[in-house]
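The following exercises concern the fold of one protein chain. Please examine the structure first and then work through each solution in order.

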Amino acid sequence: MKVTKAEIVISAVCEKQYPNDQLPEIALAGRSNVGKSSFINTLINRKNLARTSSKPGKTQTLNFYLINNAFYFVDVPGYGYAKVSKKERQKWGKMMEEYFEKRHSLKAVLLITDIRHEPTVDDLQMYDFLKYYELPVLIIATKLDKVSKNKRSQHVKRTEKAFQVEAGDLVLPFSAETGEGKEEAWSMIRQYMEV
Ligand code: GDP
């Protein structure tokens with residue numbers, strides 16, 4: 001996909017702030033520091049539209065990026081950061097429910113994980129949470145460049161097994177360093193938006 005325009009439209013904390021133009025949305029979720037911003041920036045060919053390594057603890061918002069005036073990428077705040085207080089965690093949970101439960105324009109969720117490691121308990125819970133809402137999920141196994149070529153399929157299989165990916169969902173290896181997986185990710189995103 002050729003991205004000619006990408007702009008942040010709103011950092012929302014509650015439903016009434018979400019855009020109401022009915023354009024399709026693709027959400028991006030993942031634990032803090034997994035490489036979510038780098039993934040978004042790679043897809044839209046920008047260096048730092050989505051802030052990389054944003055500091056945990058600051059206001060958690062749903063960031064709506066309007067792409068080509070045609071659809072949104074919705075950057076969901078990262079999870080699994082140990083130092084977040086219980087109160088913050090509860091606030092995060094409420095915000096997630098409010099968004100994932102009722103958002104009709106949401107077409108799919110891209111769940112970003114690190115291909116080098118076993119998915120964390122938080123990753124698995126996030127997947128179950130999304131499947132509870134019957135959302136299509138594409139698992140992006142990023143940092144592929146950090147795994148030697150002969151070990152890649154083994155790492156992908158391990159990720160598929162850990163998540164027990166449901167029919168229709170899949171694990172896509174990706175690297176923000178090399179751009180591997182970028183075209184495949186766009187192709188999947190296009191398919192989600194056509195449904
Ligand atoms: P976020 O907190 O999930 O948005 O994570 P960032 O996108 O800020 O990435 C966290 C760190 O991982 C940064 O130092 C990135 O440069 C690095 N990183 C992200 N994606 C990749 C990748 O595909 N390959 C490599 N080698 N490093 C990556």
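Helices (H or I, at least four residues) and strands (E, at least two) are DSSP runs, numbered from the N terminus. Residues are numbered from 1 along each chain as its sequence is written. The model is predicted: local features need pLDDT of at least 70, side-chain atom pairs count only at pLDDT 80 or more, and totals for chains, interfaces and linings use all residues.

**Exercise 1.** Verify the length of helix H3 (residues 121-132) and identify which residues are buried and which are exposed.

*Solution.* Step 1: the expected span is 1.5 Å times one less than the number of residues. For the 12 residues of H3 this gives 16 Å, which agrees with the 16 Å between its end C-alpha atoms.

Step 1: a residue is buried if 20 or more other C-beta atoms lie within 10 Å of its own, exposed if 12 or fewer, and partly exposed in between; C-beta atoms are placed from the backbone. Asp 123, Met 126, Tyr 127 and Leu 130 of H3 are buried. Because they cover an arc of only 100° around the axis (taken from the directions from the helix axis to the C-beta atoms), they lie on the same side of H3. An α-helix has 3.6 residues a turn, so residues three or four places apart point the same way. Val 121, Asp 128 and Tyr 132 are exposed on the other side of H3.

Step 2: contact requires C-beta atoms, placed from the backbone, within 7 Å. The buried residues of H3 pack against several elements, including strand S2 (25-30), helix H2 (86-102) and helix H4 (152-163).

Step 3: after H3 comes Glu 134, whose phi is positive, near 60°.

Terms used: Contact = placed C-beta atoms within 7 Å.
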